[in-house]
Amino acid sequence: MDIIWVLIYFLFEYPFFAFIFFAAIIGLYLLLKGYKCDKCGTRTSEVQSTRYQDTTPTKKDGSRDKRYNLTGITWKTIKCKNEKCDNTWETV
Ligand SMILES: [Zn+2]
């Protein structure tokens, strides 16, 4: 638990730098969260719907090949929150 005391010490000894440090982390989080629209650049964090795509290799007849583990991609449908743009796109 030493790291906690180091953080508390840091917070009291250098409150200004601690504030900048936390503000930077929160700023970075707000900057990177959500999905960027290709058309207008607006970031939208709400996922409208998800779709699972099975990418497990199958046999020639289309049946499941037991040698492979189940793999797949979850596609997220994002609707741009910019009302003027109204763009909808899919992302992983
Ligand atoms: Zn948009």
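**Chatting through a predicted chain**

Modeller: Read along the sequence, this chain goes α-α-β-β-β-β-β, counting helices (DSSP runs of H or I, at least four residues) and strands (E, at least two), numbered from the N terminus. This is a predicted model, where local features need pLDDT of at least 70, side-chain atom pairs count only at pLDDT 80 or more, and totals for chains, interfaces and linings use all residues. Residues are numbered from 1 along each chain as its sequence is written.

Colleague: Is the chain spread out or compact?

Modeller: More spread out than a compact globule, because its radius of gyration is 22 Å, well over the 12 Å from the globule rule for 92 residues. That radius is taken over C-alpha atoms, and the rule is 2.2 Å times the number of residues to the power 0.38.

Colleague: Switching topic, which strands form the open sheet?

Modeller: The order is S3-S4-S5, with antiparallel pairing; strands pair if DSSP finds at least two bridges between them. S3 (47-54) and S5 (88-91) are the edge strands, each pairing on one side only.

Colleague: How many bridges join S3 to S4?

Modeller: There are 7, with S4 covering residues 72-79. Among the partners, Val 47 is bridged to Ile 78 in S4.
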